Amino acid sequence: MTRITIDPITRIEGHLRIDCEVDNGKVTKAWSSGQMWRGIETILKGRDPRDAWLFAQRICGVCTTVHAIVSVRTVENALGLEVPLNAQYIRNMMITAHGIHDHIVHFYQLTALDWVDIVSALSASPEAAAKLGATLSPDYPHNSLPEIRKIQEKLKAFVGTGQLGVFASGYWGHPAMKLPPEVNLLAATHYLQALEYQRTANRIVAILGGKTPHIQNLAVGGVANPINPDSQSTLTLERLYAIKTEIDKLGEFVNGALLPDVAAVGALYADWTGHGAGITDYLSVPDLPLDSKGTQFALPGGYIAKGDLSSFKPITSYQDGYFRDGVKESVKHAWYEYQGGDGARHPYDGQTNPHHTAFQDDGKYSWVKAPTFYNQRVQVGPLANVLAMVAAGHEPTQRHLKRVLDIASTVAGTPIPVAALHSTIGRIAARAVRCAVLLESLQNQWQLLVNNIAKGDFDTFNRPVFPKGENRGFGYHEAPRGVLSHWIVIENGKIKNYQAVVPSTWNAGPRDDADSMGPYEASLVDNPVANPELPLEVLRTVHSFDPCLACAVHLVDADNQPIVRVKAF
Amino acid sequence: MEQVEDHAIEVGTVQDLDGYQGALGGLTRREFLSYCTGVAATLGLSSMMGLRIAAAATAPARPPVIWLSAQECTGCTESLLRAYHPTLETLILDMISLDYHEALCAGAGHQAEAYRAQSMKANWGKYILVVDGSIPTKDGGIYCMVAGRPILETVREAAEGAAVIIGIGSCASWGGIPSSDPNPTGAQSVHAVLPGKTVVNIPGCPPNPYNFLSTVLYLLTFGKPPELDSKNRPRFAYGRLIHENCERRPHFDAGRFALEFGDFGHRQGFCLYKIGCKGPETYANCPAIGFGDVGEGNWPVGIGHPCFGCTEEGVGFTKPLHALSRVKTYAPPTAFPAVDATKGEGVTPAAVAIIAGAAGLAVGAGAMALRGMDGKDESAAGSSHDSER
């Protein structure tokens with residue numbers, strides 16, 4: 001038996017440590033440990049709820065936007081405040097554009113190097129890669145021989161300098177790297193081109209958000225973008241069509257390159273559909289609200305038990321009691337203590353008192369708490385969302401999933417079923433499917449906004465009013481990494497308690513009150529490891545979740561002690 | 001690989017580092033070469049490439065950069081993904097050698113850490129150190145652990161061998177959001193944990209990517225850091241209040257204000273001061289260069305949201321969003337030449353001085369200094385048109 005500690009896990013957001021016990025080439029036990037903690041929710045206590053989103057957004061700069069969106073939803077939920085349609089559409093466009101950027105960057109920049117051997121790409125035939133590209137992605141305009149050759153020359157020149165920088169520590173030539181050289185070269189070509197397209201997606205977020213990362217156009221009750229087609233310095237038709245141009249450009253890459261790449265790489269690593277399923281109880285939430293109250297959504301979400309799509313139970317509105325009442329967090333194995341009993345707590349009653357110890361295999365070992373849904377561990381993320389949307393009969397999701405499975409089946413030479421998605425490679429494939437769905441939604445939301453403005457509706461903001469006494473609220477969002485929810489208790493217009501239950505908390509959490517493993521840990525068991533010194537296979541499964549540790553580690557301090565604040569005025 | 005290898009490399013070009021303090025981690029030259037060929041072998045490259053790696057490690061063509069991440073959110077790195085001139089790929093493939101960056105390293109765990117240690121040793125005294133995130137100092141620094149040790153220790157160690165230290169983002173520059181009251185983890189800025197060292201601060205949450213990139217370009221072009229203000233911020237980026245270059249400034253001077261999102265003034269593009277804009281007390285170039293390369297006027301105030309002072313200690317994450325800012329400048333329209341000034345004579349400098357002096361008395365600012373725009377002397381006042389340095 002060998003013990004592996006990988007610290008830090010790189011190509012993720014934040015500070016994550018993974019420990020595994022390996023026996024006979026397989027992982028037998030795993031631990032997931034968050035290694036950084038800031039206490040943003042403690043900082044929020046006593047502040048103006050209208051400011052919460054500016055702070056909460058800084059929980060994460062990769063998941064930028066998402067915490068801001070869910071934070072304003074949370075305060076609006078506590079106030080029963082409706083949001084003008086234009087504001088919903090503008091928020092939805094930022095959600096989708098950011099999600100597209102995030103999914104592109106995850107596949108190419110963060111996870112591809114686990115599967116694609118860049119060094120092998122250097123010796124590939126550019127002609128073979130161009131030919132492959134023409135077959136695999138005939139609609140994509142940047143697979144030409146000159147383009148591929150140019151990128152290969154650039155990479156060769158880079159390696160030739162001997163200064164390999166962040167690429168020096170890669171797993172090139174690892175026995176688990178199995179792609180043919182021309183596939184590696186095509187993927188490496190798209191690796192560099194993806195950087196340009198993710199910028200394209202971000203231009204959309206920047207136009208609406210004023211900046212990105214960390215947008216600055218939100219308000220509790222709407223958005224700060226004024227709409228007035230007869231004035232300057234507002235969201236004019238010129239701005240809207242600047243966005244439209246960027247949306248159209250994104251289509252060529254998402255549908256032309258990302259989906260075929262993921263399908264082909266997945267098919268060539270078909271054995272990985274047999275690894276990494278882990279927890280197959282899935283949770284997602286609906287998103288892209290289409291009305292001012294949050295009762296109709298463009299994208300469905302809900303709970304699926306044991307990977308069985310027929311068990312799908314939808315979550316239907318911002319007032320959904322099924323979701324609200326099911327969430328709890330355990331700290332038995334996390335570096336916190338609950339006063340008055342250590343049993344798992346609902347977020348409204350949650351508290352976090354840091355209690356750091358050594359890394360204890362059977363005790364406390366992480367800054368991440370362990371959330372449960374009706375006392376069960378659940379997996380969240382694009383896979384959970386795609387399965388829910390398929391179960392709910394969402395046509396675009398079914399269509400894009402079918403396309404990915406068709407390409408993969410062709411490349412693999414054998415039919416690949418939907419059930420293959422319950423795996424390490426399935427999580428990556430589902431993310432690409434969701435990316436294509438988001439792009440289609442982005443197009444739709446843009447049209448809805450333009451149509452609504454054309455009707456003469458320029459409303460973007462409803463003023464929030466904070467009543468005396470206590471108001472509780474929650475908000476959720478299907479973020480790029482899965483279910484995100486914020487919970488707030490407002491007292492006399494000030495924040496009394498705030499908590500975020502974050503996608504990577506669901507997935508990266510340690511063992512819970514019942515000592516059940518979290519999704520990362522469960523998915524690592526039985527994962528192959530050829531060489532414990534170079535644990536590439538462990539990284540494949542961990543990266544397939546797209547970890548985000550700044551998000552996962554958060555804090556609620558609900559000790560009900562008033563915090564004495566020294567303010568500038 | 002043939003193209004890579006056909007340039008034979010002289011083993012003699014590997015500089016002798018045996019006498020170099022901290023270099024090679026106590027390895028002899030032979031052991032160091034052996035290490036580098038080992039790296040090459042791990043990468044599936046030839047031993048000749050190992051020699052090239054060794055040569056590059058000791059005489060780098062692109063300056064090595066060690067990027068350490070502390071209590072951060074990766075927003076600063078994400079901001080670089082949005083840059084166009086240069087792009088992130090141009091930066092790391094052609095301009096610098098990014099030898100360590102937790103979010104970007106291909107390898108993980110001890111593979112990444114070993115390469116960082118090797119690069120630092122080979123380039124001791126020569127590398128650029130970049131830190132994002134604040135440094136937790138409470139409880140021995142346990143609130144941010146990387147590779148089994150507090151990031152505080154790693155930052156201090158890396159700073160010893162750095163030629164230049166850059167703190168990117170408000171967290172690294174002045175503590176940022178983790179240091180907000182009640183500062184649960186004892187979060188401090190990078191310069192606060194490196195007494196005696198100069199840290200070039202690039203505040204912002206995240207900063208405009210060009211403020212970081214231009215600092216690096218400045219280093220590469222001039223071989224020295226850019227001119228800094230009293231808070232060690234580059235003047236080219238933080239030398240002016242937002243209020244001084246804001247395109248909505250004329251509305252401020254004319255008294256035209258938005259009072260609420262979506263009201264008449266907001267939909268006319270009026271000044272956002274009364275919604276809580278902190279532009280009048282925040283030093284940054286946001287209105288001058290914008291965000292996202294998507295055209296004119298693309299920055300928070302430009303699209304209709306008040307500045308909340310993310311670059312400025314004591315403003316961002318401290319003052320409420322909808323609280324009025326403390327206006328550090330004032331605009332005395334009476335000091336402007338009258339439109340009907342007598343032809344041929346104009347307004348005399350003496351006349352302006354008298355009027356300006358009166359205005360200065362009126363607002364209680366005794367010193368009408370021409371400084372005060374540089375963040376050095378916050379008590380000094382002056383309007384933008386008379387404060388040209």
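B:Pro86 sits in chain B, in the loop that runs between helix H4 (75–81) and helix H5 (88–95). Helices here are DSSP runs of H or I with at least four residues, strands are E runs of at least two, and both are numbered from the N terminus. Keep in mind that this is a predicted model: local features need pLDDT of at least 70, side-chain atom pairs count only at pLDDT 80 or more, and totals for chains, interfaces and linings use all residues. Residues are numbered from 1 along each chain as its sequence is written, while chains are lettered from A and ligands numbered from 1 in the order in which they are written.

**Cis peptide bonds**

- The bond joining B:His85 and B:Pro86 is cis, with omega about 0°.
- Chain A has a cis bond from A:Thr212 to A:Pro213, where omega is near 5°.
- A:Pro213 falls in the loop between helix H8 (181–209) and strand S4 (218–219) of chain A.

**The annotated cysteines**

- An unreviewed UniProt entry puts a "binding site" annotation on A:Cys60, A:Cys63 and A:Cys548. They span 489 residues in sequence, yet no two of their C-alpha atoms are more than 8.0 Å apart, so they gather at one spot.
- A word on that record: positions follow the numbering used here, feature names are shortened, and annotations may be inferred rather than shown by experiment.
- A:Cys60 belongs to the loop between helix H2 (52–56) and helix H3 (66–79) of chain A, and A:Cys548 to the loop between helix H16 (536–544) and helix H17 (549–552).
- A:Cys60 is buried, with 33 other C-beta atoms within 10 Å. (Buried means 20 or more other C-beta atoms within 10 Å of the residue's own, exposed means 12 or fewer, and partly exposed is in between; C-beta atoms are placed from the backbone.)
- A:Cys548 counts as buried too, having 32 C-beta neighbours inside 10 Å.
- Leaving out residues up to four places away in sequence, A:Cys548 touches several residues, including A:Cys60, A:Cys63, A:Glu13 and A:Arg481. Contact here means C-beta atoms, placed from the backbone, within 7 Å.

**Positive phi outside glycine**

- A:Asn24 isn't a glycine, but its phi is positive, near 50°.
- You'll find A:Asn24 in the loop between strand S2 (16–23) and strand S3 (26–34) of chain A, where it is exposed, with 8 other C-beta atoms within 10 Å.
- A:Leu288 also has a positive phi, about 60°, without being a glycine.
- A:Leu288 lies in strand S7 (residues 287–289) of chain A and is buried, with 23 C-beta neighbours inside 10 Å.

How values were computed:
Two residues are in contact if their C-beta atoms, placed from the backbone, lie within 7 Å.
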